[in-house]
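I opened the model today and kept short notes on what I looked up. The entries follow in the order I made them.

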Amino acid sequence: YLTAVHPNATYQDLNAGINYLRRAIDARSEAVRVLVEENFDRFVAVKSSTDALYQDMKDGLLADNTEFATKSIKEHLKDAASKADTVFLPVLENAEKASKLRSTLGVFERSKFFFNLPGSLLESINAGRYDAALRDYKKGKYLLESRPGQLLPSAPGSNTDIQQKRIFDKVWSAVEKTMDQMKTALLNRLKETSRTLEEHEKTIDILLELSTSDKPIWVYFDSQHKHILQRVKTVYDTSLARVTEQRSRQLPEAAQPERISISLGRGINSLDGVNMEATLAKGTGYEVWQSTVEVVRSLSEVMLTTVPNFWKIARSYMEGKYKKSGAQPSGRSPTQCRTMVLDIVRSYIALLSEFFSLSDMAASVASSKNAAIPKFLPTGTDSLTTGHYLIRILGEMTESVNEIVGMEISDETNASLRSLLETATWKFEETLGSDSQIFFHLETWEQRPEDRSTTLYLGRMQKYQKHITTIAYKISSGATDTAGTKQRQIPPEFSNKITKSFLDSLYSFLDGLVHLASDDSPIAQGLKVQASVEEATGATPLFDLKKNDTRLLLVISNLTYLNEALVPSMLNQIQSSFGIVMDDARRTLNEVMRGVDRTLFEDYVKPKANALTKLVRKGVIDPSIDWYDMPRPTEVRDYIYEILMYLVGVHAEVSAITKNLLERTLTALIVEIVNEALECFRQIKRFGMGGMLRATLEIEFMHQTLVQYVNESANWTLKEVYTTISKAFKRRPDADENLQRELDGVKQTLYDTRRITAIEFKCFRRPKDKATSARSSAADRESTAAST
């Protein structure tokens with residue numbers, strides 16, 4: 001025993017243990033023996049009493065038939081147990097159910113979030129709180145996947161565990177079904193165009209959290225791309241319908257030059273006023289123009305309200321913002337987003353190009369020579385109103401283009417948009433200045449107060465040219481006064497285009513001046529001039545404008561002022577503004593203007609010169625005149641008076657209309673007269689004393705009367721006339737002629753005639769500074785005659 005209990009003890013210890021046990025047993029046995037000895041009688045008594053009691057119980061209470069006295073007790077207990085089962089078993093069962101229910105309620109209380117998840121998700125979705133729904137979904141999924149024991153504690157593999165899994169699967173199936181509904185709602189939300197950028201970004205983030213691929217982002221791109229293209233086309237069609245409707249309301253007669261000139265004149269009068277913009281904005285066809293502006297504004301608004309949001313999300317996607325780790329790729333390249341934006345931009349460009357008939361500059365230059373009036377122009381509109389609205393239109397385009405170019409979508413997109421601006425600018429430049437061909441309708445023949453030899457028409461022309469050139473400059477430089485636009489340097493091709501248009505307009509004005517002087521002039525045809533200046537002032541010319549000569553003089557005077565003052569000033573301004581050399585254009589224009597001036601002046605002078613030369617021929621080479629046998633003259637013949645009186649009429653006409661042309665006109669006519677006189681006198685073979693004196697008297701009388709307008713050429717011709725007469729003088733052999741006496745008589749006749757006609761020909765009176773020269777010339781002629 002000791003070795004079993006103490007296997008590691010030594011022998012000595014075991015031996016000592018045995019000895020100790022022996023002594024302990026012996027001591028206890030001794031104690032029992034002592035106890036029995038001292039209480040032996042008691043032990044005997046107890047034993048006897050116990051045996052007697054046992055015998056009595058065996059005979060009665062513990063008899064075999066009573067099952068040791070337990071039979072009745074068992075029967076009572078069975079009866080009590082039956083009654084107890086009847087009374088207390090339902091109570092105990094209910095108590096057990098209540099306990100289980102309390103346990104279940106405790107579990108549900110601890111897992112209330114999970115079991116309420118389907119309902120709470122549906123409530124959040126219906127309320128639009130998608131972020132809250134996503135948060136609860138992720139929480140429920142985390143609890144289900146990582147801590148299922150916290151939901152319903154149970155032993156793995158038990159019936160309870162299996163039952164709980166069925167419950168979990170049923171609850172989670174409802175959750176997934178609800179989340180599928182949310183995905184569908186969010187995908188539909190991505191297709192809604194009324195949502196803000198923030199809403200779309202938030203929706204995409206939520207969908208990507210729920211999705212295993214990048215399909216949601218492409219749902220957004222595809223739907224928005226399709227919507228934007230459709231919206232651009234719809235807006236264009238709607239705006240175009242408004243333009244067509246407004247154009248249909250225009251009257252065909254609005255295209256008549258007389259109608260256009262009314263609007264043009266009204267616009268020119270407003271150029272220096274505070275209401276210029278308002279007046280130009282209400283020019284002919286302004287309803288069509290406003291609809292045209294709305295076409296561009298509407299398309300640009302669509303671009304600026306859709307493309308920036310689309311591109312922001314697209315750029316974020318290409319930069320990896322919406323890429324989910326582990327997500328399955330859709331197989332579509334992110335760069336396709338850039339292509340989608342380019343499609344939208346191309347649609348925008350194509351529609352504007354279609355409306356304004358835009359083409360590249362090279363094609364425009366090739367076709368500009370025979371270009372028809374652009375289709376987008378309203379019927380009867382004038383260039384001032386056109387310029388006003390073209391600036392607004394280009395401003396809308398420029399703002400939209402700059403905004404999109406600033407997004408840095410792609411080089412191809414930026415190049416396409418810049419090309420749109422370039423071609424639009426070129427097209428608009430071609431559109432300006434078309435009124436110069438009908439500008440002559442604005443000639444009201446009202447004289448300028450500061451120079452009554454010219455008309456207000458030139459001032460209107462200058463204001464028109466200045467304004468149109470300014471508009472062209474603004475269009476080419478981008479200075480459209482629109483927010484977001486800034487002035488840029490004008491490319492050389494545009495500077496050349498503006499300069500060419502300016503010169504073409506000047507040439508058209510020259511054609512108009514020629515037209516005004518012709519029989520086809522509106523006033524010559526009896527048309528009422530409707531220009532706004534005449535309407536406002538009620539001014540009426542002081543002379544008969546239906547006379548061709550009157551209009552010729554005014555046109556020539558205008559042309560002179562145009563060539564000497566206005567054109568050089570305008571060319572200097574063009575040269576300064578655009579930094580180009582215009583020497584060749586200046587020379588060419590000057591030659592053309594001089595040629596036109598020469599043609600018009602000849603048209604005025606030639607009929608009068610023909611009439612005067614006819615009088616000269618009548619007075620010199622009349623067959624009835626015998627220059628050899630003619631007596632000494634005592635008066636000047638009528639043909640000289642007729643010539644001078646004709647010149648008086650010319651003097652009066654020119655002085656009343658264009659006094660600055662008086663000297664030029666009379667000088668030219670005198671040159672024609674003396675040239676014809678020289679030719680006629682050369683046909684006379686000989687002069688007698690009387691013929692020589694008469695010819696000298698008449699030529700000298702005309703010379704002294706017109707000396708103020710005798711130029712060097714005429715003076716030289718007159719000398720030739722005197723020389724010709726002198727050379728043809730032949731003395732009669734039988735005549736007693738005293739030359740000095742005859743000359744004195746001619747002098748007296750000349751003096752008397754000059755005195756008598758002084759009032760009639762006062763208009764030809766020469767200034768004092770020419771008197772000495774005239775007297776010297778007369779003395780020379782007398783000396784020549786005397787020597788002959």
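**Entry 1: Asn414.** I looked up the contacts of Asn414, where contact means heavy atoms within 4.5 Å. Leaving aside neighbours within four places in sequence, I found Asn414 in contact with Ile404, Val405 and Glu408. Asn414 belongs to helix H16 (residues 411-431). Helices here are DSSP runs of H or I with at least four residues, strands are runs of E with at least two, and both are numbered from the N terminus. Is Asn414 buried or exposed? I noted a relative accessible area of 9%, so Asn414 is buried. The cut-offs are under 20% relative accessible area for buried and over 50% for exposed, with partly exposed in between (1.4 Å probe, protein chains only).

**Entry 2: what I am reading.** This is a predicted model, in which local features need pLDDT of at least 70 and side-chain atom pairs count only at pLDDT 80 or more, while totals for chains, interfaces and linings use all residues. Residues are numbered from 1 along each chain as its sequence is written, and side-chain values use heavy atoms, with hydrogens and water left out.

**Entry 3: confidence.** pLDDT is the predictor's confidence in each residue, from 0 to 100. The protein chain averages 82, and 84% of the residues score at least 70. I marked residues 529-534, where pLDDT stays under 50 and the model has 18 contacts beyond four places in sequence. I also marked residues 769-776, again with pLDDT under 50, for which the model has 5 such contacts. Where pLDDT is low, the predicted coordinates should not be read in detail.

**Entry 4: the whole chain.** I noted 27 helices and 2 strands in the protein chain. Of its 788 residues, 45% count as buried. Of the contacts with a separation of 6 or more, 79% are between residues 24 or more positions apart.

**Entry 5: the strands.** Strand S1 (residues 447-448) and strand S2 (residues 451-455) run antiparallel and are joined by 2 bridges. Two strands pair if DSSP finds at least two bridges between them. Which residue of S2 is the bridge partner of Arg448? I found Asp451. A hairpin through 2 residues joins S1 to S2.

**Entry 6: salt bridges.** I searched the whole structure and got 23 salt bridges. A salt bridge is a side-chain nitrogen of Lys or Arg within 4 Å of a carboxyl oxygen of Asp or Glu.

I looked up Asp272 and Lys463, whose closest N and O atoms are 3.3 Å apart in a salt bridge. Asp272 lies in the loop between helix H10 (257-269) and helix H11 (276-281), and Lys463 in helix H17 (residues 457-477), so the pair ties together parts that are 191 residues apart in sequence. Asp272 counts as exposed at 65% relative accessibility, and Lys463 as partly exposed at 26%.

Next I took Glu396 and Arg297, which meet in a salt bridge of 3.5 Å, N to O. Glu396 lies in helix H15 (residues 383-405) and Arg297 in helix H12 (residues 286-318), so this pair ties together parts that are 99 residues apart in sequence.

The last pair I checked was Asp584 with Arg587, at 2.2 Å between the closest N and O atoms. Both lie in helix H21 (residues 583-620), 3 residues apart, about one turn of the helix.
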